[in-house]
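Please look over the structure below before reading on. The paragraphs that follow go from the interface to the ligand and then to some local details.

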Amino acid sequence: MTVYQCEDSMESVFTAVYRAYEEKRPPEEVSLSMTDEPMLFAEFIPVEPDRERTRKVVSTLWRNFGEDDYLKICMALAAPDPEKGQAVYRTIVHGLRDKCRQGHLFDDLKDDYVRKTFELARGVLREYDHQRGFLRFKEVELIQDCRNVAEDPGGELWGEFSLCADAGASREAGARSVLYARIGPKNHLLTFLMPHFADRFPGENFIIYDESRKIIGIHPAEGREEEKGETSGTGKGEGIRKEQCERKGGSFRGSSGDAAGEQKPMTWYLASCGDGFTALDGLRSSGRELAYQELFTYFCLKIAIRERRNLELQRNMLPLRFREYMTEFQKNMKQ
Amino acid sequence: MGALTVGQGMTLMEKLGILADAAKYDVACTSSGVDRRGNGHSSGNCVACGICHSFSADGRCISLLKILLTNECIYDCKYCINRCSNDVPRAAFTPDEICTLTMEFYRRNYIEGLFLSSGIVQSPTFTMELICRTLWLLRSRYRFNGYIHVKAIPGADPELIRQTGFLADRMSVNLELPTAEGLKSLAPNKHRRNILTPMRQIQNGIHANRNELALYRSAPRFVSGGQSTQMIIGATGESDYQILEVAQSLYRKFELKRVFYSAFVRVNEDRALPALPGGPPLLREHRLYQADWLLRFYGFQAEELLSESRPFFNVLLDPKEDWAVRHLEFFPVEINRASYEQLLRVPGVGVKSAKRIVAARRNGNLNFEQLKKLGVVMKRALYFITCGGRMMYRTKLEEDYIVRNLTCERNRIQFGSEGMTYRQMSLFDDGRFQRQVTPQEKLQVAVGQI
Ligand code: SF4
């Protein structure tokens, strides 16, 4: 038995998949582990994530199984499940061996691994659907002293936005501000949420902070290509480490753009924040922010039909765990 | 062109309160099939399956900023809170207020877009023009690229409706009441023909636009999310059968994307309106939605579900179960051989699970255990299926027996401590439309009011 020991990342799992093929090991004698649980009589191979191998696996998956099924695999890998690496590996093996056509990778739900991957993906997709709607941005002000202090772990981050803030100053309102959202999902959703919001709000500076994983997604407003080169280097701050600096826009979604055709690739970054990360503490809402929060809260109150009141249905549709992050459910709001 | 003058001096908050309150009975949803990627500069995209952003205390989804442009109205529909004979506070938004609210709500991810309707001010054409102007402002000045659902006002200048259609993703003309007689008794200013005319116009517009798009990919899009309509249920005396027939012909003859059913809420004291001591007929509305799904995705026809002699839905069984127990000659269905269409007719099997069954059995026969894992609701399906020629348990293929089991199962598991509520089984995979039968409804059933 050969055990490939992966980190909890897509790159790592895909690299392991590649190596299992490269080293021509029979799938039945391979296992992908994401824990360091010992296993008797097994050969352990730690896997270093490798960009080139990952790229090859991604293109193979995409070509053979199509975008939708490729996305399902990515989604499955976003679940907090230590078995996911193994399930995904065997699903891929199954699909390549059976020569599944595009969109048919998950046909054989009788197979335990295929079904496991499918169920993981479905769980992630469900939370993604929720989160995509329930996430709330608030408009915050840039904090002057924070971005000027060189030692500050968040300094670089704010430097990023101060650039766009200046660049945007001459453009329409909105480009000057930063939108900030805090989420606490069960799954690692940022890689899916970022492209969604980057597509939706190209002209906005926004940050999404996943507090369960201490990861932050950053999207600077479009239209400042020149400056970007400098700031995209490797992060120096202690608390914040830039993980992916390249354009991610193309790697999760197809180029199936609409009639307009020639779209600019989307740009966003993920960065993981260490323990000393404080840059988001004490963010101050912008002057008009509170007014819109109150307007929306009032709207939610008014749009309900009293005669149909049904709090249990509301709770089924909108699980309580999301509410602590949602504007309209905050206690200080007049509801 | 004149501007609206009502409610001047009100704060934005006060206006929003009045105009959201007045718009709340309209039903809309964003799952319109419009998939529109962002264009790289202005705000917005659309997602085909729709996104729910919140849920209000009635459990309904909040996905759009649903407001009236104004609640002033020259008409006097008896069921409507805004009718001219009511003495209620009136307000009106300016186009800029609507645009700002939409943009600011949108960028905070509160909403998916705008739903704009209005009372009739001065004339239908005047009102339509206000709506059209607002949308134009939102799309071109504010560069909003998100979802817009707008009402077409019956009787308005067709040219205005056409122009509006190029700015909106979805348009709807409300049928209001299922039959022309109902309309005449409760909405004296409205006429069936006036309502169907713009509906037809929009349908034709969508067709013409499709041809244009085939020729020029960049041609402007006309109502790309299709049109919908809404009927009030329980304000007039139509049967479920009549209502479902109307819905069916709307789907067939007008190619509507959705027909919404809205349980009547008695907001006005009026002798022409029925008194509903049990509250709005929610169970009835629920059954209609279930049947509507059967028409659109399960290959059923209205006449199969109901008839002149059985014009109302069963209270305890959903429409598909009800159909199945009355058509036992169709069952049991062999899961490993039945066609997709046959599978769809089995209670407990949804569209998704039917597709999964068809895909999964290519690699060999399925058993009951696997069927469950594919998402089939076994406790409802088991009376109607075989796997490899065998039934799951020894059961009788007999109407009374099955009905008793389907409903007693429900009672045993679902009756709460009050002994009066049970969870209504849903037809749908996603459970999104599940709701409970309330004590009032049980009461309504008992006194034959539903
Ligand atoms: S036209 Fe009828 S339904 Fe519409 S706002 Fe006026 S009174 Fe109400």
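How many salt bridges are there between chain A and chain B? The count between these two chains is nine, where a salt bridge is a side-chain nitrogen of Lys or Arg within 4 Å of a carboxyl oxygen of Asp or Glu. The model is a predicted one, in which local features need pLDDT of at least 70 and side-chain atom pairs count only at pLDDT 80 or more, while totals for chains, interfaces and linings use all residues. Residues are numbered from 1 along each chain as its sequence is written, chains are lettered from A and ligands numbered from 1 in the order in which they are written, and side-chain values use heavy atoms, with hydrogens and water left out.

A:Arg200 forms a salt bridge with B:Glu112, the closest N and O atoms being 2.5 Å apart. Between chain A and chain B there are also 29 residue pairs in polar contact, both residues at pLDDT 80 or more; a polar contact is a pair of N or O atoms within 3.5 Å, where within protein one must be able to donate a hydrogen and the other to accept it, and residues adjacent in sequence count only if both atoms are side-chain atoms. On the side of chain A that touches chain B, the elements giving two or more residues are α4 (112-134), α7 (190-200), α10 (289-303) and α11 (311-317) of chain A, and α10(A) provides the largest share, eleven residues. Helices here are DSSP runs (H or I, at least four residues), as are strands (E, at least two), numbered from the N terminus.

In terms of contact (heavy atoms within 4.5 Å), 67 residues of chain A meet 68 residues of chain B. The area buried between the two chains is about 6000 Å², of which carbon and sulfur atoms give 54%; buried area is the accessible area (1.4 Å probe) that two parts lose on being put together, summed over both. In chain A, the residues that lose the most area to chain B are A:Lys110, A:Arg200 and A:Arg308, together 14% of what that side buries.

Turning to the ligand, its surroundings include B:Cys73, B:Tyr75, B:Arg83 and B:Lys190, with a residue counted as near if one of its heavy atoms lies within 4 Å. By class, this shell has five nonpolar, one polar and two charged residues; Ala, Val, Leu, Ile, Met, Phe, Trp, Tyr, Cys and Pro count as nonpolar, Asp, Glu, Lys and Arg as charged, and the others, Gly among them, as polar.

Some local details remain. A:Arg115 forms a salt bridge with A:Asp112, the closest N and O atoms being 3.3 Å apart, and because these residues are three apart in helix α4 of chain A, they are separated by about one helical turn. In chain B, a cis peptide bond with omega of about -5° joins B:Phe331 and B:Pro332, and B:Pro332 is found in the loop between α10 (319-325) and β9 (333-334) of that chain.
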